[in-house]
Structure formats: structure tokens, C-alpha cells
Amino acid sequence: MKQNIFAIAALAVTVAFTSCSKDNGGEYTGENVNVSLRLEKPAVSGKADEAAVGTPVVSFTSGTLYLTTSSGQIRRTHTLSTAINGDLGVNGSNLNITAMESGTSLTNVAGDVANVYIVANTPTLPASPSMISEVLAVTAAPGSQYNAAGGIGNVTLYGKGDLTTVATNEKEGSICVFPICARIELAGVTGGGDITGFNLNGIFVNNYYNAMVLNADVASASNVVTNNGQGGATIYGDNTTQYPTASVWLKDWAIAGLGGATLAKTPANGAWAYNVLVPGTFNNTAKTTAGTGVVPHLIISLSGIAPASLNLAGTKFLTVGKWYDQSDVEITSFKPGCVYTISASDFVFDEKDPGDEAETAKASVKVTVTPFTWTTQAIKPGF
């Protein structure tokens, strides 16, 4: 199974020594350097119930680049944007993202720079940080990963690259920028066994990270896991305290046209999809990620399960709490930058599976994991 992750953005950095200067990270009395940058962005697919898979791209129209010492002291900060004019895309402290794809040069950078960081699609950053740790301590929330127009336009991106000396007075390095979230896509829910019909009321994400530091470090105390626990419609229902109407990034409710006798409930276009923050580690050289946190759960709210002889009247729940790959190996952590997809034909439940409350007995799903060109990891449920 293919497990490697693509880089959403790749940044090539070449450094050559010149004279001396003072940068924003403090007094530096050694040699200065010139830095040449090149940026690449592969395309990715979109939120399946809003646009056909493969059409939208992750939006990288703004961000911030930091050049730091090996101890994390910030020597130079640059704003990244597609709306900046200037020679070779450089205008003071601003860099044009489009121009960087062809190549951009920076001059008079402190010669002790050792690392390059990029963060994009972030919450408000510190105004004048002196250390990169101040930037990476900022937290993103689940709602910041959602974009109503295209579904993936706001995903937070992070990357760190090392600079190495390759010749006298010359350094070079590369950086790949990764998302700090994964994506769940549910292509449908199907009734089996003796079930002849049901209503699909809603879908909820539970056991999710409600806050995540920008470098997705699992060890950070700022990462917050929310599990709303065992319960019924007072938790997993319409406009509850845990799932208010506005929290569209965590749920779908009152799903139009999905009642009645039809046994396969599918969205109008692709899948119901949810971007979830996930901690992980990033391998800049291999352009891969590894997951290090808890897996999210999916809660499915059902009603009107027929026939009446099944004694399943009222609201019932299915809970997906375990995930397996196509080789039946349990996935204990979601990887940043991967999509986990359940097909309608694979998500089949029967009369033995629904319960009176969510987060009781947990079903499992079988998945195929694919990296984020926002491609798909298929999953199959086991109840």
C-alpha cells in the first residue's frame, strides 16, 4: 500500500556569503548571505460533497517565511503573498509566491541562518517574535481548516528545512510544506440484513483535536482532544451544546432527501467530508509524514428503521471508532495529509449494529490510505 505523502509545497534554498549586517533576530557581526528561493505547489483534490474530487487546490495565497539560527532565533521574516509586486517577487520584506515558483533572491541575510520555516493559512501570528518557538506555539482550531466554498482552501500548512554548507561560503537546503490535518470522506451509508428502510439524520465527528500547534507536535500541552462521550440526541443532535448549528466542519445535520425506503444513502456529489487536525512528524527529506495522535470517531444518527418488527423505533446510533487498512492492520493514528474514505458499498450495517446511544459499542472500518494530493484512502466498516 502506498504510504508516502506528497509535499504540498517545496522550497529550494541556496545561500552564498557576502558582507555583514543586522537582522531582525538581533545583532549579528559575521558574514551576510544571499538566499535564492524556489517554490513548487502540486495540486490537490477537494471536498467531495462540494466539488468533484480533483478540481480545487489547497489555497496557498499567503503565509510567512522565517529564516532562523540553529537555536531558533529568527534572523529574517518575510510575508508570502500572491499580491506582491517587485523585482523578482521581492518587495522589502514581502515575497511573491508566484514569482518564487520561478526563483527569488534575498540579499544581506545573517550568515548564521540554519533553518527555513514556512507557515501558511494560520491564525493570527505574533507581531514581532524573536524565536521560532513563539510562532509554533500558536494553535489552529478545527473551524480554521474548513472552507465553505471548496472545503480545503484553508488547511494550515507547515514546513521546516535545514540549510547545509556545500562549498566555501555557500549553503543550500530544501523545505516541503505539509498540511497539519487529515480528511475523512464518507461516500454513503447502506442498510443491510433485514432492514428495508431508514432515515439518515446526521453525521458527527467525535474524539477530535479541538486545538493543534502549528507544527503539529503531539507532545505539546496545547493540543486539546475533545470526546463528547456516550450519549444520545441531546449530544449528537440538532444545535446541541457540543454541536451548535454553526459547527459545520464537525457535522452534517438534517440531510435533505435521505429518508424513506432507499437502502443506500449517498450525498449529491461525492461524499460528506471533514478536515480534522492531527498531530504528526514530518520528514522533509523523504517528503513523508507519520501520525502520532488519537484517531477520530464518526457518529451516525439514524431513525425510522424499518420494518417495525425489528424493534428499532426512535433515534439510533452507529459509532465508527476503529480504522483498518486494506491489509487488516489497525490504523492507530491518522497521518497529516492523508484522506480516509469510506464507500457506500463498504459502509453496510444491519439490524444488530444500531444502539440507543453513541460511543457505546464501536464499529470498525477498513480503509485504503492515500496521500494528499488530497487523494483517497478507502475504508470499509466492520460492525
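How do the residues of the lining of the largest pocket divide into nonpolar, polar and charged? Let's start there and then work through the rest of the model.

## The model and its largest pocket

The lining of the largest pocket divides into four nonpolar, six polar and two charged residues. Here Ala, Val, Leu, Ile, Met, Phe, Trp, Tyr, Cys and Pro count as nonpolar, Asp, Glu, Lys and Arg as charged, and the others, Gly among them, as polar. A word on the source: this is a predicted model, in which local features need pLDDT of at least 70 and side-chain atom pairs count only at pLDDT 80 or more, while totals for chains, interfaces and linings use all residues. Residues are numbered from 1 along each chain as its sequence is written, and side-chain values use heavy atoms, with hydrogens and water left out.

The largest pocket has a volume of about 260 Å³. A pocket is an open set of points on a 1 Å grid over the protein atoms alone, where a 1.4 Å probe fits, with protein on both sides within 12 Å along at least five of seven lines; lining residues have an atom within 4 Å of a point. Among the lining residues are Tyr158, Lys160, Asp162, Cys176, Phe178, Asn215 and Phe282. Strands β10 (157-167) and β11 (170-179) each supply at least two residues of this lining; strands are DSSP runs (E, at least two residues), numbered from the N terminus.

## Two nonpolar cores

The largest nonpolar core has 42 residues, and those with the most contacts inside it are Leu200, Leu298, Ile300, Trp323, Phe334 and Phe347. Such a core is a set of buried Ala, Val, Leu, Ile, Met, Phe, Trp, Tyr and Cys residues joined through side-chain atoms within 4.5 Å, where buried means under 20% relative accessible area, exposed over 50% and partly exposed in between (1.4 Å probe, protein chains only). Strands that each supply at least two residues of this core include β14 (197-206), β22 (297-306) and β23 (316-324). Apart from it lies another core, of 17 residues, among them Leu95, Ile97, Val109 and Val177.

Five bridges join β22 to β23, and the two run antiparallel. Leucine 298 stands opposite valine 320 in β23.

## Salt bridges

The whole structure holds four salt bridges, each a side-chain nitrogen of Lys or Arg within 4 Å of a carboxyl oxygen of Asp or Glu. One of them joins arginine 75 to aspartate 112, with the closest N and O atoms 2.7 Å apart. Arginine 75 lies in β4 (residues 74-81) and aspartate 112 in the loop between β7 (104-110) and β8 (115-120), so the pair ties together parts that are 37 residues apart in sequence. Arginine 75 is buried, at 5% relative accessible area, whereas aspartate 112 is partly exposed, at 25%.

Glutamate 185 and arginine 183 form another salt bridge, at 2.8 Å between the closest N and O atoms, and both residues are buried. Aspartate 350 and lysine 352 also meet in a salt bridge (2.7 Å, N to O); aspartate 350 is buried, at 17%, while lysine 352 is exposed, at 65%.

## A three-stranded sheet

Three strands form an open, antiparallel sheet in the order β9-β15-β16. Strands β9 (139-140) and β16 (224-226) stand at the edges with a single partner strand each, so one side of each is left without a neighbour in the sheet. Strand β15 (residues 208-213) pairs with β16 over three bridges; two strands pair if DSSP finds at least two bridges between them. Tyrosine 209 has valine 225 of β16 as its bridge partner.

Note on methods: Grid points are joined across faces, edges and corners, and a volume is the space filled by probe spheres set on the points. Helices (H or I, at least four residues) and strands (E, at least two) are DSSP runs, numbered from the N terminus.
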